[in-house]
Amino acid sequence: MASETWPQNKVLKGIAASPGIIIAPAHVLADRSRVQVFYRYLGSRQQVAGEQERFREAIIRTQQELSRSKEAIPEDFREHAYIVDTHMLILQDRLLLDETLRLIQEEKINAEWALKQAVKKAQELFDQIADPYIRSRVQDIEDVSERIMRHLTGTSPSSFTNFKEPVIIVARNLSPVDTTQMSLKRVQGFITEMGGKTSHIAIMAQSLRIPAVVGLENAVREIDTGYTLVLDGLTGKVIINPDAETMSLYLARKKQFENFKAEINRSSFMPAVTLDDYPTRILANIEFQDELDLVLDYGADGIGLYRTEFLYLRQHYLPTEEELFEDYKTVAHIMKPKPVTIRTLDIGGDKFASYSQYVQEMNPALGLRAIRFSLKEQQIFRSQLRAILRASAFGTVRIMFPLISGVQEVLAARQMLEEIKAELQQEGLNFDSQIPVGVMIEVPAAVMLADLLAQEADFFSIGTNDLIQYALAIDRGNKYVAEMYQPLHPAVLRMIKQVVDAAHAAGIPVAMCGEMAGDPIYTPILLGLGVDELSMNVPSIPVVKRIVRIATLAEAKEFAHQALQLGSIDAVTSYVTNFMARRFPEVFMFGRELVNSNY
Amino acid sequence: MMSNMTDLDGNNADYQAKLLVCNRLGLHARAAARIAALAQEHQAKIILEKNGLQADAKSILEILSLGCGPGTVVQVRVQGPEASEALQALQELFRLRFGES
């Protein structure tokens, strides 16, 4: 029971790391953060040798401890065993092991101090890394050195109790190895002071479907074991000892979230039809065959984008027609009778390790890539077209050309396709002679020419990532302008409208396969603009399908019509946000979090 | 492309190749661990290079410290006994995206 001195209804804000809401008592793990380390000078050679020996023994004991940890990992956590392997490698790494031994020898310092210096050097090295995910792996070095320190200093590791009641674990930092040792049945949530969205604990919590908030400063100081906590893994909020009102608010929110999750999972297998019976199609973007299981699990209506670059990114040789054929055939066969839309090669010469003569491009986004590359390197293109055509005999295959900027490119590509059809016929090989040919709309020029391109295509597929980048002249990778990358820019909405109108006037359907298609916030507006098919990364499918199934085409059309009248990004954004919050509150509250986690 | 500066007995050959990091997360902990484990199985010296930074492939921390995000092209140099086998194994590991799904 809450005593007078307990904090009441105190809200802390961290980083939402794994979605879900949980209300349970806290269990704070003793701060095992830093073993105290002191400097000691070694006066004699024997002392140096002894110190090195002591360090080696600590390494061996740490290694044994890690081996035991690995064996003790419960079934639920098996897939995370690699973390222990990683730690074993770090333990033996020359930057830690050899460097510490060297420092003991040369600086004549004790093992703890030497290890601390070696770790510091490694930390400095990691500080230089630009990639945030890789940079954050410095955590692993710290975990390992902490473990060695404990063996050096004889500090006993705090062991995890087997909790009798459901608890939310609160800790300064949770080493993944430690986490694998917990009895998960009672662990309802994780809160840590350290870590970000890409930390081990975030990834593990997501795969275990346990809500988590990380990067919550002062969590250990603010929270005591036994406090009641509300953990909202959707917003990153933690509420300490909530009052009755807050409690009932969150109980309701929790229930709402769980119903929503159950609902979207149920509707995932139902057809994407609006309440007023307008059928649309929700497809998946994939890159690898091994994603097909998930595609089928999530009830996709087909593959709207099969990226084919991977097989070309190998080093020593280009893929043979046979290899490509086998790959496409497998995908077509597994998805049959659902369509598989194969996008022809969409990379620039710069990505070919074996094509180094193209490496020097000042501006690859505007360079020799996609269809331009294919039309220039016709041998490469022909073998891909042959493979796609041959695979079309084994399922429902569609082909689409990326980065089209004018009619000529479509005609040239189609002509090659026709030549190859004739070749295959002569060779007596089967293929779908009516294979649908699509044009990707990714360049503003293609939008302007949509009416003409529609005459030469069986369907359009709008690639929003490139289209928005080219139309708004924004490089999303450039942090100074990244915020100006706005799918709701009035110019983008008008372009989509123009493409849809041109396509429908010519009697062909329009698909969309960029990220915009998979963000549930945009589903109603795209539906209302008349996009016929949305293709997205697999985790988006259930949420987007859910929206389609509880929307009507009539309201979506009206909504899109109103949005098109607005002249600024801010106006459109607030209009869309208000509409979504009012009309699809659950999707608005939970949809994005579900889509963005590894659910 | 692979270049091969074999000496006469073919033993201490120096092989080079460019490898593309084509998994989703780049050379992060798991991928780097795979590379280091593989390198440790081979006697040959394997050096990874990116933007003038070098890493001994036997050291997971050095590999991580290169900071290879997805799409990075890494230059690899292999020297010593059975260098060609080591390089082939490494190329295969990159090709299979370090065994990630």
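## Reading the model

This is a predicted model, in which local features need pLDDT of at least 70 and side-chain atom pairs count only at pLDDT 80 or more, while totals for chains, interfaces and linings use all residues. Residues are numbered from 1 along each chain as its sequence is written, chains are lettered from A and ligands numbered from 1 in the order in which they are written, and side-chain values use heavy atoms, with hydrogens and water left out.

## Chain A as a whole

Let's start with the big picture. Chain A holds 25 helices and 16 strands; these are DSSP runs numbered from the N terminus, helices being H or I of at least four residues and strands E of at least two. Its C-alpha atoms fill a box of roughly 85 × 60 × 40 Å along the principal axes. Of the 599 residues, 55% are buried (under 20% relative accessible area, with a 1.4 Å probe and protein chains only).

The domain assignment, which comes from an automatic or database source, gives domain 1 (10-32 + 159-262), domain 2 (45-153) and domain 3 (275-596). Taken over C-alpha atoms, the centres of domain 2 and domain 3 of chain A are 47 Å apart.

## The open sheet

In chain A, 8 strands line up as β1-β8-β7-β3-β4-β5-β6-β2 in an open sheet with mixed pairing (two strands pair if DSSP finds at least two bridges between them). Strands β1 (10-13) and β2 (15-18) of chain A each have a single partner strand, so one side of each is left without a neighbour in the sheet. From one strand to the next, the twist averages 30°; angles run from 0 to 180 degrees between N-to-C directions, with axes fitted to C-alpha atoms, for helices over the stretch in contact.

Within this sheet, β4 (residues 167-171) and β5 (residues 187-192) of chain A run parallel and share 5 bridges. Here A:V167 stands opposite A:V187. Helix α8 (residues 200-208) of chain A packs on the sheet and touches β2, β5 and β6 (212-214), where contact means heavy atoms within 4.5 Å. Helix α10 (residues 244-267) of chain A also packs on the sheet, touching β3 (21-28), β7 (228-232) and β8 (237-240).

## The barrel

Strands β9-β10-β11-β12-β13-β14-β15-β16 of chain A form a closed barrel with parallel pairing. The twist averages 30° from one strand to the next. Strands β15 (residues 510-512) and β16 (residues 533-536) of chain A are joined by 2 bridges, and A:A511 stands opposite A:E533.

Note on methods. Buried < 20%, exposed > 50% of the residue type's maximum accessible area, 1.4 Å probe, protein only.
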